[in-house]
Amino acid sequence: MSRTLDHLFDRNVAWAHAKTDADPHFFRRMAEQQTPRYLWIGCSDSRITANDVLGLEPGEVFVHRNIANVVHTSDMNILSVLEYAVEHLKVEHIIICGHYGCGGVQRALVTERGAMLDHWLQPISMLYRKHRAVFEAISEHDARLDRMCEINIEMQVRRVAQTPIVENAWARGQKLNLHGWIYAIHDGLLRDLGPHLSSVAERDALPSIDHRVLNPNEPMSALRRQALDAFSSLSLDDMASPPCCMPALDDGAAKSPRKD
Ligand code: CO
């Protein structure tokens, strides 16, 4: 076994050659500056890398990752990243993206305590304890975990929105949008979960996270949104006499209006 990880250096050389072959000025351009429009706050899970998931090149997304994408307002690491991204890079969008089946969130739901990790996951475990009856009413384990993964993202978006860094950006009129997304490892697709925030007023108008536990948001994949957009663009006449083979849409938002 190699002690110097030569195979990774070999892969690096191959990658750099491929990049240069495709775009001779790629690294020169990279060396000059970075101008990402997005800050990604995601889980450290090795299966989810922001650039790959978003289909973006190096230089296009600034990234912070930790276990279970938790935002601690006493964490110098994330606050430094946030400050640099907002005040110097002037990113326009902050994406807090968790994922279904997150091992960190799973850890927060068990009773085992005492590791450093359990301190890190404390906000998730406290929310779970507070609403244990609601979550435990979801009988299937994976569904319960996934619901907790969703609510964790909504909670972390709120925590980013509460930082003075984001508040000050909004106060000085800087364009800054916050997004809560969730990624499914089994199909490689992102879902928009919300909330979307672009001002202090929007943040302050949000329902509490406790309300969200009781009234969950419906995640929206791009495929589902496209289907709903296509359906809503149909004319009323089209809807009045659908073709016999038209698939039934079971989504409430896609119900056709009655034409009496
Ligand atoms: Co995870």
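A residue counts here as buried if 20 or more other C-beta atoms lie within 10 Å of its own, and as exposed if 12 or fewer do. Keep that cut-off in mind during the tour, which runs through a predicted model.

**The whole chain.** Begin with everything displayed and coloured by secondary structure: the protein has 14 helices and six strands, and of its 260 residues 24% count as buried. If contacts are drawn as well, taking those in the protein with a separation of 6 or more, 68% of them are accounted for by residues 24 or more positions apart.

**Helix α4.** Next select residues 76–88, which form helix α4. At 1.5 Å a residue its 13 residues should span 18 Å, and because the end C-alpha atoms are 17 Å apart, the model agrees with that expectation. Within α4, colour I78, L82, A85 and V86, which are buried. Looking down the axis of α4, you will find that its buried residues fall within an arc of 90°, so they line one face of the helix. An α-helix has 3.6 residues a turn, so residues three or four places apart point the same way. Now turn to the other side of α4, where M76, N77, S80 and H88 are exposed. Before leaving this segment, step past its end to K90, which follows α4 and has a positive phi, near 55°.

**The α4 and α10 pair.** Keep α4 and α10 and hide the rest. Two packed helices are described by the angle between their axes and the distance between the axes. For α4 and α10 the angle is about 15° and the axes are 9 Å apart, which makes α4 roughly parallel to α10, angles under 35 degrees being counted that way. The crossing in which α4 passes α10 is right-handed.

**The α7 and α9 pair.** Finally, select helix α7 (residues 122–130) together with helix α9 (residues 141–161), whose axes come within 11 Å and cross at roughly 120°. This crossing of α7 and α9 is right-handed. Display P123, I124, L127 and Y128 on α7, and then M148, I151, N152 and M155 on α9, which are the residues through which the two helices meet.

Key. Residues numbered from 1 in each chain as written. Predicted model: local features only at pLDDT ≥ 70, side-chain atom pairs only at ≥ 80, totals over all residues. Helix = DSSP H or I, 4+ residues; strand = E, 2+ residues; numbered from the N terminus. Expected span 1.5 Å × (residues − 1). Arc of directions from axis to C-beta. Axes fitted to C-alpha atoms, helices over the stretch in contact; angles between N-to-C directions. Parallel < 35°, antiparallel > 145°, perpendicular 65-115°, else oblique. Left-handed = near helix turned anticlockwise from the far one by under 90°. Contact = placed C-beta atoms within 7 Å.
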